[in-house]
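Subject: Structure handover

Hi,

Here is the structure I promised to pass on. My notes follow below it.

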Amino acid sequence: MVDAILFDLDNTLTDRVASVRAYAQRFASHFDPRLAPIDESSVLCDTIMRAYGEGYNAQRADDLNRSLPWLDQPSSAEIATHWLDVFPGVTAARADAKSTLTVLRDRGVQMGLVTNGGAEVQRTKIACMKLGGYFGSVIISAEVGVSKPDPAIFRLALAELGVEAVNTIFVGDHPENDVVGAQRVGMRAVWISSSQRWPVDTVPKPPTITELIQVLAHVPAAT
Ligand SMILES: [Mg+2]
């Protein structure tokens, strides 16, 4: 029996590559007057992808600052601020996110979202993807004061939905924060991977999907 599915947000419901590509366009139009002409637009996109492909950190803004042909060089802080201000609002969902959530809703499965991150940033991403209406519970670490993999954050979502861990599946891309964290509170976990090897030696590889829609195989159709 599956009463509920909880999802991680970043790189689980979001498509990181599509999101960073969308961001690259915004970056190009914002900073264009200050950059030397770049022969191919793909060069700028690839440079930004290399910097931010694994997610944001301050060092990446430094890298970007060094690797682009600036005429009027901004500070790394300015580059970082642009990312933090603009990126959440260009977040792209995985191509199959909406269709997957729609089928789950039609099958009577409750859905929730449990994400680590800042409140405004994560809420902007959810609004940008127009997926918020599917979730009976949205738990953001900054709003509740605990982060994955702390069991307390998973229990908050279970309580809000009124479901038991044993009848709940957690879907996420982070081996420790999502998979191991959810398993510790008694949920089944499904790992959404980009075909990389399961990296946790001490934990058996969980059921693995590479596309979100494949999670439907783990949820019986309504009878
Ligand atoms: Mg994630």
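The model is predicted, so local features need pLDDT of at least 70 and side-chain atom pairs count only at pLDDT 80 or more, while totals for chains, interfaces and linings use all residues. Residues are numbered from 1 along each chain as its sequence is written.

Helices (H or I, at least four residues) and strands (E, at least two) are DSSP runs, numbered from the N terminus.

6 strands form an open sheet, with parallel pairing and the order 3-2-1-4-5-6. Strand 3 and strand 6 (208-209) stand at the edges with a single partner strand each, so one side of each has no neighbour in the sheet. Two strands pair if DSSP finds at least two bridges between them. Strand 1 (residues 4-7) runs parallel to strand 2 and is joined to it by 4 bridges. Within that pair, Ala-4 has Gln-110 as its bridge partner, and Leu-6 has Gly-112. Strand 1 and strand 4 also run parallel, joined by 4 bridges. There, Phe-7 is partnered by Val-171.

Thr-168 lies in strand 4. Thr-168 counts as buried because it has 26 C-beta neighbours inside 10 Å. Leaving out residues up to four places away in sequence, Thr-168 touches Asp-3, Ala-4, Leu-6, Leu-158, Val-163 and Met-187. Contact here means C-beta atoms, placed from the backbone, within 7 Å. Ala-182 is 14 residues from Thr-168 along the chain, and their C-alpha atoms are separated by 9.5 Å.

Helix 8

The buried residues in helix 8 are Ile-153, Phe-154, Ala-157 and Leu-158. They fall within an arc of 140 degrees seen down the axis, so they line one face of the helix. The arc is that of the directions from the helix axis to the C-beta atoms. An α-helix has 3.6 residues a turn, so residues three or four places apart point the same way. The face of helix 8 turned away from the buried side carries the exposed residues Ala-152 and Ala-159. The buried residues of helix 8 pack against strand 1, strand 2, strand 3, helix 7 (141-144), strand 4 and helix 9 (175-184). After helix 8 comes Gly-162, with a positive phi near 70 degrees.

Helix 6

Which residues of helix 6 are buried? In helix 6 (residues 119-129), they are Gln-122, Lys-125 and Ile-126. They cover an arc of only 95 degrees around the axis, which puts them on the same side of helix 6. Their cover includes strand 2 (110-115) and strand 3 (137-140).

Backbone points to check

Lys-130 lies in the loop between helix 6 and strand 3. Lys-130 has a positive phi of about 55 degrees, although it is not a glycine. With 11 other C-beta atoms within 10 Å, Lys-130 is exposed. Asn-11 sits in the loop between strand 1 and helix 1 (16-31). The phi of Asn-11 is also positive, near 70 degrees. Asn-11 counts as partly exposed, with 19 C-beta neighbours inside 10 Å. A cis peptide bond joins Lys-148 and Pro-149, with omega about 15 degrees. Pro-149 is in the loop between helix 7 and helix 8.

Domains

How many residues of domain 1 are in contact with domain 2? 7 residues of domain 1 contact 7 residues of domain 2. On the domain 1 side, these are 2 nonpolar, 3 polar and 2 charged residues. Nonpolar covers Ala, Val, Leu, Ile, Met, Phe, Trp, Tyr, Cys and Pro; charged covers Asp, Glu, Lys and Arg; the others, Gly among them, are polar. Domain 1 is 4-15 + 93-218 and domain 2 is 16-90. These bounds come from an automatic or database domain assignment. The domain centres, taken over C-alpha atoms, are separated by 29 Å.

Best wishes

Notes
Buried ≥ 20, exposed ≤ 12 C-beta atoms within 10 Å, placed from the backbone. Contact = placed C-beta atoms within 7 Å.
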